[in-house]
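Here is my note on the model below, arranged as numbered points. I begin with a strand and its neighbours, then turn to the ligands and the remaining elements.

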Amino acid sequence: MKVIKLENIDFSYPEGIDVFKDLNFSISKGEKIGIMGANGSGKTTLFYLIMGLLKPNQGKIIAWDEERTREEHFKELRRRVGFLFQDSDDQLFAPTVEEDISFGPFNLGKNLKEVRNIVDDLCERLNIADLKKRITFKLSWGQKRLVALAGILAMEPEVLILDEPTASIDQEVRERITSYLKATDQTLLITSHDEGFLKDISSKIYQLKDSKFIPGV
Ligand SMILES: Nc1ncnc2c1ncn2[C@@H]1O[C@H](COP(=O)(O)OP(=O)(O)OP(=O)(O)O)[C@@H](O)[C@H]1O
Ligand SMILES: [Mg+2]
């Protein structure tokens, strides 16, 4: 079953920068797809289109067999698809780390005890337990990425879309993230400039170039 499908997408930024012309892409349930591509090839733009943060000039965005056009459609999609922004400053919003990671699971109706367990477990796994009480905006770049990732994983979405999850992440935590992503049965769509990382976790790797997905690296 195709979880997400993009059909004949054209997209330009308002300034007139053409990014996609007749782009087609799909990912099936349980697939783990890695996307590489030069700076500016459109990886982040592709993710913004899927999440409904940008609108295509033409073409269809289909998720779970339903075409998504209006904001309500994308709201439903965002409950099922966790998206790690390339820049964590676009993601983090709560004053403290603990509050930031707790927000999603609270919103999903979990109780205090359940939320605490989820937060503690993720902080342990991502090696950020000592950051729980810290102010999010004062963290280092890499620490912010880990907190943002924890915030997404806390919601246990069916699909994870991760825009360069290992950028600025140290070796030890990169290995923890790799083993999590290898073990999970969540559908994964991940971009990275780190070929070794993508090879470790993906069942397929594509190069995005001129609106085409070319298999292999
Ligand atoms: N907000 C914006 N307004 C105008 N042009 C943009 C905007 N964001 C990106 N672009 C342009 O769109 C194209 C695709 O950018 P995008 O960020 O999607 O690339 P990317 O593949 O994610 O690159 P990177 O590997 O550097 O993250 C580039 O030419 C970029 O300059
Ligand atoms: Mg990008």
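**Notes on the predicted model**

1. Strand β3, residues 32-36, is mostly covered, since five of its five residues are buried; buried here means under 20% relative accessible area, exposed over 50%, and partly exposed in between, with a 1.4 Å probe and protein chains only. Helices (H or I, at least four residues) and strands (E, at least two) are DSSP runs numbered from the N terminus. This is a predicted model, in which local features need pLDDT of at least 70 and side-chain atom pairs count only at pLDDT 80 or more, while totals for chains, interfaces and linings use all residues. Residues are numbered from 1 along each chain as its sequence is written, chains are lettered from A and ligands numbered from 1 in the order in which they are written, and side-chain values use heavy atoms, with hydrogens and water left out.

2. In a regular strand the side chains alternate between the two faces of the sheet. In β3, Lys32, Gly34 and Met36 point one way and Ile33 and Ile35 the other, and all of them are buried.

3. Two strands count as paired if DSSP finds at least two bridges between them. By that criterion β3 is joined in parallel to strand β8 (residues 187-191) by four bridges, with Lys32 standing opposite Leu188 of β8. Four bridges also connect β3 to strand β9 (residues 204-209), again in the parallel sense, and here Met36 faces Gln207 in β9.

4. A separate item is the open sheet of four strands, which has the order β2-β1-β4-β5 and antiparallel pairing. Its edges are formed by β2 (18-28) and β5 (66-67), each of which has a single partner strand, so one side of each is left without a neighbour in the sheet. Strand β1 (residues 2-12) runs antiparallel to β2 and is joined to it by seven bridges, and the bridge partner of Leu6 in β2 is Phe25.

5. The magnesium ion, ligand 2, is coordinated by Thr44 through OG1 and by Gln86 through OE1, at 2.0 to 2.2 Å. This pair links distant parts of the chain, with Thr44 in helix α1 (residues 43-51) and Gln86 in the loop between β6 (81-84) and α3 (97-107), 42 residues apart. Donors are N, O and S atoms within 2.8 Å of the metal (3.2 Å for Na, K and Ca), and because water is not among the atoms, sites may look incomplete. Thr44 counts as partly exposed because its relative accessibility is 22%, and Gln86 likewise counts as partly exposed, at 36%.

6. Which residues are closest to ligand 1? Of the 15 residues that surround ligand 1, the closest are Gly40, Lys43, Thr44, Thr45 and Gln86, where a residue is taken as near if one of its heavy atoms lies within 4 Å. By class, this shell has four nonpolar, eight polar and three charged residues; Ala, Val, Leu, Ile, Met, Phe, Trp, Tyr, Cys and Pro count as nonpolar, Asp, Glu, Lys and Arg as charged, and the others, Gly among them, as polar. The largest share of the shell, three residues, comes from α1.

7. A backbone N or O atom of Gly40 lies 2.9 Å from an oxygen atom of ligand 1, while a side-chain N or O atom of Thr44 is 2.8 Å from an oxygen atom of ligand 1. A polar side-chain atom of Tyr13 lies 3.4 Å from a nitrogen atom of ligand 1. Taken alone, ligand 1 exposes 640 Å², and the protein buries 67% of that, with areas from the Shrake-Rupley method and a 1.4 Å probe.

8. Helix α1 is largely enclosed by the rest of the structure, because eight of its nine residues are buried. These are Lys43, Thr45, Leu46, Phe47, Tyr48, Leu49, Ile50 and Met51. Just after α1, Gly52 takes a positive phi of about 80 degrees.

9. Asp22, with a positive phi near 55 degrees, is located in strand β2 and counts as partly exposed at 36% relative accessibility. Ser211 has a positive phi of about 65 degrees; Ser211 is found in the loop between β9 and β10 (212-215) and is buried, with a relative accessible area of 5%.

Technical notes
Polar contact = N/O pair within 3.5 Å; in protein donor to acceptor, adjacent residues only side chain to side chain.
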